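Please look at the sequence and the 3D structure below before reading on.

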Amino acid sequence: MKNNALVVVDMLYDFIDGSLACQNADNAVRETLKFIDAQTKGQGGEDHEILDTFPILFIRDHHPADHSSFAEQGGIWPPHCVAGTHGGEIHKDLLPYVREELTFDKGCDRTVEQYSGFDGVNNAGQSLGEILELLDTSEVYVCGIATEYCVRNTCEDLLKAGFKVRLLKDCIAYVDHDGHLKALEEMAAEGISIE
Ligand SMILES: [Zn+2]
């Protein structure tokens with residue numbers, strides 16, 4: 001049987017309460033933890049057991065301090081998620097589920113804006129798409145920040161690669177509420193399941 005997996009996009013402090021804090025972020029983290037808990041029922045509830053049967057993959061926006069997407073360099077965003085800073089770290093409540101080989105960094109190249117986590121790479125240089133194939137994944141749940149940008153781009157790339165994509169609507173945060181609703185509508189029309 002094929003496996004399910006969860007992809008957690010950019011649940012990082014700068015997007016939660018930092019320089020690019022998004023709406024609904026605290027709630028999205030709480031709901032994500034609830035979702036993960038629900039997957040453990042009947043399995044003993046030990047973290048390593050969950051990860052063997054239900055891989056959880058983390059995406060991190062991970063920029064150099066002079067990244068081209070920052071306003072100072074002519075980009076549209078305030079500085080955020082600079083590698084090695086608190087703002088670029090995954091929310092502490094999720095850390096028990098984080099595995100280094102299942103953590104994928106994107107936006108590492110100074111000159112490239114990279115909203116999608118699909119091409120993010122782990123410390124061994126393997127991409128998210130590659131690892132999902134290796135894990136024999138068919139259905140991918142997605143949650144994270146922000147709906148209109150990194151969540152959407154990640155969902156669309158997963159769909160293009162042939163995965164069934166299930167976006168957890170209570171587990172996402174957004175820059176703008178109307179933009180969030182519009183993105184959900186458009187993603188649903190593309191074939192992404194909003195649940
Ligand atoms: Zn970024």
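## Fold and overall dimensions

Helices, of at least four residues, and strands, of at least two, are DSSP runs that are numbered from the N terminus. The model described here is predicted, and the secondary structure of its protein comes to 6 helices and 6 strands. Read along the sequence, these elements follow the pattern β-α-α-α-β-β-α-β-α-β-α-β. The radius of gyration is 16 Å, close to the 16 Å that the globule rule gives for 195 residues, so the protein is as compact as a globular protein of that length.

Along its principal axes, the C-alpha trace of the protein spans about 50 × 35 × 30 Å. Of the 195 residues in the protein, 49% are buried.

## The zinc site

Which residues coordinate the zinc ion? The donors are Asp-61, through OD, together with His-63 and His-80, each through NE2, and they lie at 1.9 to 2.1 Å. In sequence, the spacing of these donor residues is D-x1-H-x16-H.

Asp-61 counts as buried because its relative accessibility is 3%, and buried means under 20%. By the same cut-off, His-63 is buried too, because its relative accessibility is 1%.

A search of the whole structure finds 0 disulfides. Cys-108, for example, is in no disulfide, and the nearest cysteine sulfur, which belongs to Cys-81, is 11 Å away.

Cys-155 itself counts as buried, at 0% relative accessibility.

## The cavity

How many cavities of 30 Å³ or more does a search of the whole structure find? The search finds 1, and about 120 Å³ of space lies in the largest cavity. Among the 15 residues that line the largest cavity, the closest to its centre are Phe-15, Leu-20, Trp-77, Tyr-149 and Cys-150. The lining divides into 10 nonpolar, 2 polar and 3 charged residues.

## Backbone details in the loops

Most residues other than glycine have a negative phi, and most peptide bonds are trans. Against that background, Asn-24 has a positive phi, near 70°, although it is a residue other than glycine. Asn-24 is placed in the loop between helix H1 (13-16) and helix H2 (25-40), and it counts as partly exposed, at 26% relative accessibility.

Cys-81 is also a residue other than glycine with a positive phi, in this case near 50°. Cys-81 lies in the loop between strand S2 (56-61) and strand S3 (103-106). Is Cys-81 buried or exposed? Cys-81 is buried, because its relative accessible area is 0%.

Key:
Residues are numbered from 1 along each chain as its sequence is written. This is a predicted model: local features need pLDDT of at least 70, side-chain atom pairs count only at pLDDT 80 or more; totals for chains, interfaces and linings use all residues. Side-chain values use heavy atoms; hydrogens and water are left out. Donors are N, O and S atoms within 2.8 Å of the metal (3.2 Å for Na, K and Ca); water is not among the atoms, so sites may look incomplete. Buried means under 20% relative accessible area, exposed over 50%, partly exposed in between (1.4 Å probe, protein chains only). A disulfide is a pair of cysteine sulfur atoms within 2.5 Å. On a 1 Å grid over the protein atoms alone, a cavity is a set of points where a 1.4 Å probe fits but cannot get out, and a pocket is an open set with protein on both sides within 12 Å along at least five of seven lines; lining residues have an atom within 4 Å of a point. Grid points are joined across faces, edges and corners, and a volume is the space filled by probe spheres set on the points. Ala, Val, Leu, Ile, Met, Phe, Trp, Tyr, Cys and Pro count as nonpolar, Asp, Glu, Lys and Arg as charged, and the others, Gly among them, as polar. The radius of gyration is taken over C-alpha atoms; the globule rule is 2.2 Å times the number of residues to the power 0.38.
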